[in-house]
Amino acid sequence: MYMEKMKVGVVGATGMVGQRFLTLLEDHPYFEVTALAASARSAGKTYEEAVGARWKMKTPMPEKYKSMKVIDAAEIEAMGKLCSFVFCAVDMKKDEIKALEEAYARAEIPVVSNNSANRWTPDVPMVIPEINDAHLEVIAAQRKRLGTKRGFIAVKPNCSIQSYVPALTPLLKFEPYEIVATTYQAISGAGKTFKEWPEMIDNIIPYIGGEEEKSEQEPLRVWGKVENGEIVKADEPKITTQCIRVPVSDGHTAAVFVKFRKKPTKEEILKAWAEFSGKPQALGLPHAPEQFITYFEEDNRPQAALDRDIYGGMGVTVGRLREDSIYDYKFVGLSHNTLRGAAGGAVLIAELLYREGYFN
């Protein structure tokens, strides 16, 4: 059955995540990119002129976008004439992003955001589609607050948590109550390449601004529940993290230690991972990995270079599950930070919203 594609805009199209959106949407079965927006300094230029030498993807810039005129992101009315909803990946101050996204939503243009600005807005769903698709029901309360029929904001969580939250979610039935996670995060998480950030070569930086708070708190919101038109975060498990920048181009790795109230066997954990899937798999969404969590038996896996691109970078890989002398179990997780953790995760949210009728 032929279905006309939905027109979509990318706000913040010139940055690294914006570029990733465009490569993912080039031949999308549901969506057609019809509008590109960026800062005022890029407005009026063709996309090729606006990006210049700053194209950061490994594949060439798709021909279809090169001659498209870039619009000022603040020109919401102009964007609304060209598209039905937008992906947002702007590089601005948090309060400015929050105001911009809300302005789009109030103009009846739904926003699927890669930014952190609205992650803690009580009636904005922050979604990993396989895990907490039920949080989308809070959109009704958000629309009521905004006074909109169609407009709303939905966001994806921080890229770092997607290297361990998917692996922990199937284990919640065993009541984990204390978690230690150290993340080893790729430089693309900072929107950089080695060419732009040579000081990262042969180096590790043991600090990423704001990342540890996000890594400790955002999982609790993902595992929370909708009550009285807002998302109430879970009380447990308690999580402590350290976030370290490492000389890897793409792929965030996590070393995780867990204590359980109902300690499972290793076989029960492996079974829970193997069987875990969600709404994206049930609906057969275009960017849904066939297997959400893949476990490697080898001692030296997962590796960023070998495993980050599993299922088009949308799968999560786990390895080295073993009992620990202080905690019950420890394991290593890996996810692709600009695919599953950023643009790909947002595209998957949009596919779910589309199929569930939220864009109607």
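## Lys 279 and its partner

With 27% relative accessibility, Lys 279 counts as partly exposed in this predicted model. Glu 356 falls in that class as well, because its relative accessibility is 36%. The two side chains meet in a salt bridge, with N and O 3.0 Å apart. This pair links distant parts of the chain: Lys 279 sits in helix α11, which covers residues 279–283, while Glu 356 belongs to the segment after α14, 77 residues away.

Some salt bridges also share partners, and in this way Glu 102, Arg 106, Asp 123 and Arg 145 are joined into one network.

## Other salt bridges

Why might such pairs turn up at all? Side chains of opposite charge can pair when their charged atoms come close. In this model the count comes to 21 salt bridges.

Take Asp 250 and Lys 58, whose closest N and O atoms are 3.2 Å apart in a salt bridge. Asp 250 is in the loop between β10 (238–245) and β11 (252–260), and Lys 58 is in the loop between α2 (47–51) and α3 (63–66), so the pair ties together parts that lie 192 residues apart in sequence. Are the two partners buried or exposed? Asp 250 has a relative accessibility of 7% and therefore counts as buried. Lys 58, on the other hand, is exposed, with a relative accessible area of 72%.

A local example is the salt bridge between Lys 81 and Glu 77, where N and O are 4.0 Å apart.

Glu 216 has its place in helix α9, which runs over residues 211–222. Glu 216 is buried yet has no salt bridge. Where is the nearest side chain of opposite charge? That side chain belongs to Lys 233 and is 9.4 Å away.

What Glu 216 does have is a polar atom of its side chain 2.9 Å from the backbone nitrogen of Thr 241. Leaving aside residues up to four places away in sequence, Glu 216 touches Ile 239, Thr 240 and Thr 241.

## The largest pocket

If you are looking for open space, the largest pocket holds about 1,200 Å³. Its lining is made up of 44 residues, and those closest to the centre are Val 17, Ala 89, Val 90, Asp 91 and Asn 115. Which elements give two or more residues to this lining? They are α1 (16–25), α5 (94–106), α9 and α14 (339–355). The largest share, four residues, comes from α1.

## Cys 83

Cys 83 is found in the loop between α4 (76–82) and β4 (85–88). This cysteine counts as buried because its relative accessibility is 7%. Not counting residues up to four places away in sequence, Cys 83 touches Lys 7, Val 8, Gly 9, Thr 34 and Ala 35. From Cys 83 to Gly 284 the separation is 201 residues in sequence and 25 Å in space, C-alpha to C-alpha.

## Backbone points to check

The bond from Glu 236 to Pro 237 is cis, with omega near 0 degrees, and Pro 237 has its place in the loop between β9 (230–232) and β10. The bond from Arg 301 to Pro 302 is also cis, again with omega near 0 degrees. Pro 302 is found in the loop between β12 (293–296) and α12 (304–307).

Positive phi values come next. Glu 108 is not a glycine, but its phi is positive at about 65 degrees. Glu 108 is in the loop between α5 and β5 (111–113), and it counts as partly exposed because its relative accessibility is 28%. Phi of Asp 202 is near 60 degrees, a positive value in a residue other than glycine. Asp 202 is in the loop between β7 (176–185) and α9, and it is exposed, with a relative accessible area of 76%.

Methods. Residues are numbered from 1 along each chain as its sequence is written. This is a predicted model: local features need pLDDT of at least 70, side-chain atom pairs count only at pLDDT 80 or more; totals for chains, interfaces and linings use all residues. Side-chain values use heavy atoms; hydrogens and water are left out. Buried means under 20% relative accessible area, exposed over 50%, partly exposed in between (1.4 Å probe, protein chains only). Lys and Arg count as positive and Asp and Glu as negative; His and the chain ends are not counted. A polar contact is a pair of N or O atoms within 3.5 Å; within protein, one must be able to donate a hydrogen and the other to accept it, and residues adjacent in sequence count only if both atoms are side-chain atoms. Contact means heavy atoms within 4.5 Å. On a 1 Å grid over the protein atoms alone, a cavity is a set of points where a 1.4 Å probe fits but cannot get out, and a pocket is an open set with protein on both sides within 12 Å along at least five of seven lines; lining residues have an atom within 4 Å of a point. Grid points are joined across faces, edges and corners, and a volume is the space filled by probe spheres set on the points.
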